[in-house]
Amino acid sequence: MKYLYYPGCSLKGTARDFEESFKAIAPVFGIEIEEAVDWGCCGASVAKSLRKDLAERLPLKTLDQAAGRGLDLLTLCPNCYLNHKQAQSRIQKGEPANPSPFRFPDVKQLLEVLGFDLGLEEIRRRLVCSLAEINVLPYYGCLTVRPFPPGGTESRENPRIMEKLIAITGAKPFSFPYKVDCCGGGLLLSKERVALKLAGRLWQEAGKLSPDCLVVACPLCHFMLDAKQQAVERELGKKLGIPVLYVTQLLGLALGMDHKKLGLHRLLTSPYALLKKLNHPGENAKLRKKAAS
Amino acid sequence: MKIPSKIAIFFANEGDWLSRSIDLEAIVPKFSRAKNVSCCEVLPNGWARNNQEDITGNFREGRFNRILWVGRFSPEQRKLRETDLEAAGLNPYLHEWCDLEEQGIRQDEDLRERMTQKAAVVIQMSLARARLLEPLEPISIPGTNALLLVGGGTAGLHAAAALAKAGKQVYLIEQECGVGGKVAQLGRLYPRICDPHCGLDFIIEKIRQTSLIELHTLSRVVEIQGGPGNFTVRVAKAPRYVIEDRCNACGKCLKVCPVVLPKETGPAWPFLKSPEDGSEATSSRRAIHPAWPLNYPTAYVIERSACPPDCRQCVQVCPNGAVALEQLPEEVSFQVGAVLVTSGWDPYALEKVEEYGYGQYPNVISNLEMELLDASWPEIREVGFIQCAGSRDERHLNYCSTVCCSVTLKQVLALKEKSPETHCYVFYQDIRTSGLGEELYQRVKALEGVVFIRANPAWVRPRENGRLGLRVEDTFSGKELDLTLDLLVLAGAMVPSAGTAQIAEVLKLPRNAEGFFESHLPCHPEESQRTGIRTGGASRGPMGIDRAIETAQQAALDALPFLQENILLAPTIPILNLAKCDKCKRCMEECPFGSFSFDPEGFPRVDLGKCRQCGGCMGTCPLQAVSLRHTTIEQLAAQIRVVKPSFPAREEPLVLAFLCRNDAYPAVRAAAKSGLHIPLNFFFITVPCVGAVNNALIADALAFGIDGVWIAGCKDGQCHYIKGNQLIQTRGDDLRAKLQSMIMEPGRVRLVNLEIRDSRSYVQLIQSYIEELKEMGPSPLRS
Amino acid sequence: MERVSECVQCGRCSAGCPVAFESDHSPRQIIRLLQLNLRREAYRNPFLWFCATCQACSTRCPRGLPVLDIMLALRREGEEQGEAKAPAFYHAFLQMSERRGRISEWQLGLKAAWHQFPRHPLADALLFLRLLRRGKIR
């Protein structure tokens, strides 16, 4: 299974732990990746708000590359995924016509590769540690399921693929009714008040369940829920301190990987308590110190 | 022995414009000398009575044996002549009617010469056909005085009772252990808020009293053979384990049966009971139990799979020896004249409307479940009703189920009667309680504590204490509301039942995109695509109880002709010339009614009962081995053959049209009658359906030098024979190849779809077609 | 955009919209404005720039209208016709993406903070340092 990997801007910045953990676990599952060269910003939700032509043009560059290499495109960031997938489905519909002489590549997101291309059984077979001790709250956010749900068949109102992934690690997934609601990440830099309110509403509901951690598959959600957790705490007037992991990091733990290799040391909300509960070897002095600070 | 045709041509001179618009004196002598014509007369007083007597007299004297009428006539005038002369001994199929007006003859002094010319061609065409007319007598096939009814719901029960009243034997096939269907599972009926069992008991009493209805429960139709009047239906019957005529429902077995089963329908309402209660314990249903949903038939039934091994307690206790645990499945066969399907509906799977949480939260229930919910629970204070849950939604079902609005209003009313304190919200897009239902709507609207919100919520989420949170934008005020409810009722849609899908498969009954049985609304609503098989009730589309009963009874009435000893058919049947046939089976493939079967040698055979005489088989046969009586391929060919030679070459293109008799022909007739100018170089022939037009005829016309062939059928979905207009389209490839070999432009053949009122566009279409032909230039074969 | 006449005003888009609560307006109302051919009012409607592009409206529309695409088209047209002004962040983003090809999140954050004063400036400064220490700002 080989993909052309499009990182996207976040994965090289605030979400580098997402990339690190994905690159750490991918070889174990036999996922081969070839990183796109000279890739550019996909336009996020901004280009389509201002310039249609630009928004439609931006994703074509990497799509062409994937077509030339004969590989399907994989993106970790759901926003990049959406833009590339939309461009791809426009081309499939013939508007514009396929510019490349090759078969046009499919565009995949992480949950699709893990849950459908690879399959749960393939993953389960390779896990080594059971995470039976912990209760995990899956959170999908918007764009992992809308408008293109993983595998094309997942429910857009009540997706379950993340729960299934959590369950095979041995951890107990919550069923979270607010799992596809918006975290507000997209508004953080334009309407901060609203963004924090949306994240606050999510944390309010998530907090009631007292999970050991949240699991996400989106850099923006992660930033909103992890990095901005303290701001949300301030808005809510309530302490949370719940770590937010990428689904790749959770799988990495179930593979018994080192916490540093998974980028867990980069989390803003310390996963110390979580790792301790798991008796994870990564529960070392440094993390403890960090948790204390 | 064939009697040579002696044709009398009568021109009915009404002394009106028609007789002045053409040169009768030139025409009459011309046709008097024509072959097979014994006389050609102008009837000076048109349709006057004394003319009629003369004609009858002359006929009796044997001066002619066919009549070609020329002039303009109403359908009533035709009928009158035919009946009168039939009394004198002239077969009604030996009349040929040549209506000059509908072919476009009109009064125009300047064009009188050309009008006369056109009239001559039209008469020539009719004469060609008149020569080939044959006397025909109605055909009789044996029928059977019994009907098989599939589905013992309310619609089926009423139809069965009606048929029994008319003295017909009915075999009623029901897949459940008892009759009653969905209606028996309802709590109350609007508008009287009465118990449906009241009406059902009434109809069952009628059924009990007749010996003509034979009920078979736990049964399914597995095979059907034969045709209308004479079907053989095979039915598989699952064992009941109770002998029906021995069990008198004394109930002794109920007391000893050790197995308690959950209730048939309705959730266990866990939210109403604490878990310690053990919600199942309240069920009184045992492994042996009365029929369901109604206690008819009286005999009990055993869920054998639930029985403990070797338990024979019911056998031992039964005073009548009615329990038969060793019963085996059996098969029964019935001879029937017709089949009526009233296989009903199922509720839409509301789990699919995921945003409303049905199946996820116990207090989100369907409207059908609400029917059976006993509403005496104080803890339910706030109730929401979401209308159109999954209906009128392109992600689910695009249609409206017509009854859900009234059902919800009725449920609100019943709820408020029982617990007036309850607060109700109705979320709707439109309230559809048309007709007298408006009263119900007003009544509910007037209630205190019932709020109608014209909007649909986006989602439902759980809140504290098992309550439900729901967000909705009240579209009238633009306010976003956040509500917390105790119970949410989803108005789910009616979809075709699983039984409907199953019986459709067995009977090969086509269904529409939504899965309901197709019919030709409004011309033949009760007719299915299989002759002798009728459909009624909600298997035909979502409908209320009253309409379900009416449609089923209407279908039963419509089936009556098949339940006679002899079924009379019109003689205009397809005749197969097997000497020409090469067994290609196209007739079978294209027949919209599945009328063809094949004998052991592979030759086709028509089941006359199934045939609707559209002529599709005649149109499709590549070897012209099929011919519809009274519109035979020879008659059509003869008519085509005379058009060109009798029409002298001119600069105008010559067009021959084939018109469907249902829609295009009436449109043309209306156009002519309303004085619209029909081009003089345009001639038409009518066919029962455009599907009957054989490619060979089209090629013939073009080969004879006609410049263009115009075929006018119905609009899609309006064809009385389901798909005649599509059949001719699908044969287009063959035709194109044929035209290519003749070096003929495919554009010379034009297919159009007309509705019965399209007279004006009809004329415009012809004119623009003629313009196109002009550009194309004359046919290469026109000398 | 030409499909707005298909809207039946059921309100599902608005009820499920995460930000409609924050604004006095809703996607349904914007579509209604378009049905009434009050385009200018639609362009000027502040709701447009509240939209978080979460796709909930398009997903739940029973008529299958691309509600979000309509909102985005209105954003563009409003800007082009000078009826509305996008928040500074949008222009900053586009400028950066066009100039450098990629986005530097922290620089974008700084720029945005210039135009929209942060709610918790001190905490944000601290967050900046913490991100820097964790190597998330490069």
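Colleague: Is B:Cys584 buried, exposed or partly exposed?

Modeller: Keep in mind that this is a predicted model. B:Cys584 sits in the loop between strand S29 (574-576) and helix H15 (586-590) of chain B. Buried would take 20 or more other C-beta atoms within 10 Å, and exposed 12 or fewer. B:Cys584 has 15 such atoms within 10 Å, so the call is partly exposed.

Colleague: And how far apart in space are B:Cys584 and B:Leu623, C-alpha to C-alpha?

Modeller: Along the sequence, B:Cys584 and B:Leu623 are 39 residues apart. In space, C-alpha to C-alpha, the separation comes out at 9.7 Å.

Colleague: On to the chains. Which helix gives the most to the side of chain C that touches chain A?

Modeller: That contact pairs 44 residues of chain C with 41 residues of chain A. Helices H4 (56-60), H5 (67-80), H6 (88-100), H7 (105-115) and H8 (121-133) of chain C each put in two or more residues. By class, this side of chain C has 22 nonpolar, eleven polar and eleven charged residues. The top contributor, with five residues, is H6(C).

Colleague: What about the side of chain C that touches chain B: which element supplies the largest share?

Modeller: Here 17 residues of chain C meet 17 residues of chain B. Helix H1 (12-15) and helix H2 (27-35) of chain C each supply at least two residues. With three residues, the largest share comes from H1(C).

Key. Residues numbered from 1 in each chain as written. Chains lettered and ligands numbered in written order. Predicted model: local features only at pLDDT ≥ 70, side-chain atom pairs only at ≥ 80, totals over all residues. Contact = placed C-beta atoms within 7 Å. Helix = DSSP H or I, 4+ residues; strand = E, 2+ residues; numbered from the N terminus. Nonpolar A, V, L, I, M, F, W, Y, C, P; charged D, E, K, R; others polar.
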